[in-house]
Amino acid sequence: MATTASSSLGSAADYQTVLGSARSDTTSAQFVVRFGQIRATLEKLLTGKAKAAFDARIAPDLGPLQDLSARSFVRDGVPHFEVRITFA
């Protein structure tokens, strides 16, 4: 979000934690959401009542979350869907 992308997401520590261990599977789709970057961007962009509402109602729940990942893969011929949440 409004920052320079990592040159290699696959080597980023948070990516390896949530998705990188699946090298032997046939992964068909995956994504990672980094909550820290989203929160930091919102805190910079929001002002006034919107910032106050964010701080009061959203930030406390968003604070402990670090990453969300999901992937669809096949292991031993069986399709799987996996969701992981990591906490700060």
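Student: Which residue of strand 3 is the bridge partner of Arg75?

Tutor: This is a predicted model, in which local features need pLDDT of at least 70 and side-chain atom pairs count only at pLDDT 80 or more, while totals for chains, interfaces and linings use all residues. Residues are numbered from 1 along each chain as its sequence is written, and side-chain values use heavy atoms, without hydrogens and water. Strand 2 (residues 65–75) and strand 3 (residues 78–87) run antiparallel. In strand 3, Arg75 has as its bridge partner Val78.

Student: How many bridges join strand 2 to strand 3?

Tutor: Strands here are DSSP runs of E with at least two residues, helices are runs of H or I with at least four, and both are numbered from the N terminus. Phe73 stands opposite His80 of strand 3, and Leu65 stands opposite Phe87 of that strand. Two strands pair if DSSP finds at least two bridges between them; for strand 2 and strand 3 the number of bridges is ten.

Student: Which residue in the turn of the hairpin has a positive phi?

Tutor: Strand 2 and strand 3 form a hairpin with two residues between them.

Student: What is the strand order of the open sheet?

Tutor: Strand 1 (26–34) and strand 3 are the edge strands, each pairing on one side only. Strand 1 pairs with strand 2 in the antiparallel sense over eight bridges, and Val32 has Ser69 as its bridge partner in strand 2. The open sheet has three strands with antiparallel pairing, and its order is 1-2-3.

Student: What angle does the direction of helix 2 make with that of strand 1?

Tutor: Helix 2 packs on the sheet and touches strand 1 and strand 2 (contact means heavy atoms within 4.5 Å). Angles run from 0 to 180 degrees between N-to-C directions, and axes are lines fitted to C-alpha atoms, for helices over the stretch in contact. The direction of helix 2 makes with that of strand 1 an angle of about 35°.

Student: Is helix 2 roughly parallel or roughly antiparallel to helix 3?

Tutor: Helix 2 (residues 35–45) and helix 3 (residues 48–62) pack at an angle of about 170°, with their axes 11 Å apart. Angles under 35 degrees count as roughly parallel, over 145 as roughly antiparallel, 65 to 115 as roughly perpendicular and the rest as oblique. The angle therefore makes helix 2, relative to helix 3, roughly antiparallel.

Student: How many residues of the contact of helix 2 with helix 3 are charged?

Tutor: Helix 2 contributes Phe35, Arg39, Leu42 and Glu43, and helix 3 contributes Lys51, Phe54, Ala59 and Leu62. Ala, Val, Leu, Ile, Met, Phe, Trp, Tyr, Cys and Pro count as nonpolar, Asp, Glu, Lys and Arg as charged, and the others, Gly among them, as polar. Five residues of the contact are nonpolar and none is polar, while the number of charged residues is three.

Student: What pattern does the chain follow along the sequence?

Tutor: The secondary structure comes to three helices and three strands. Read along the sequence, the pattern is α-β-α-α-β-β.
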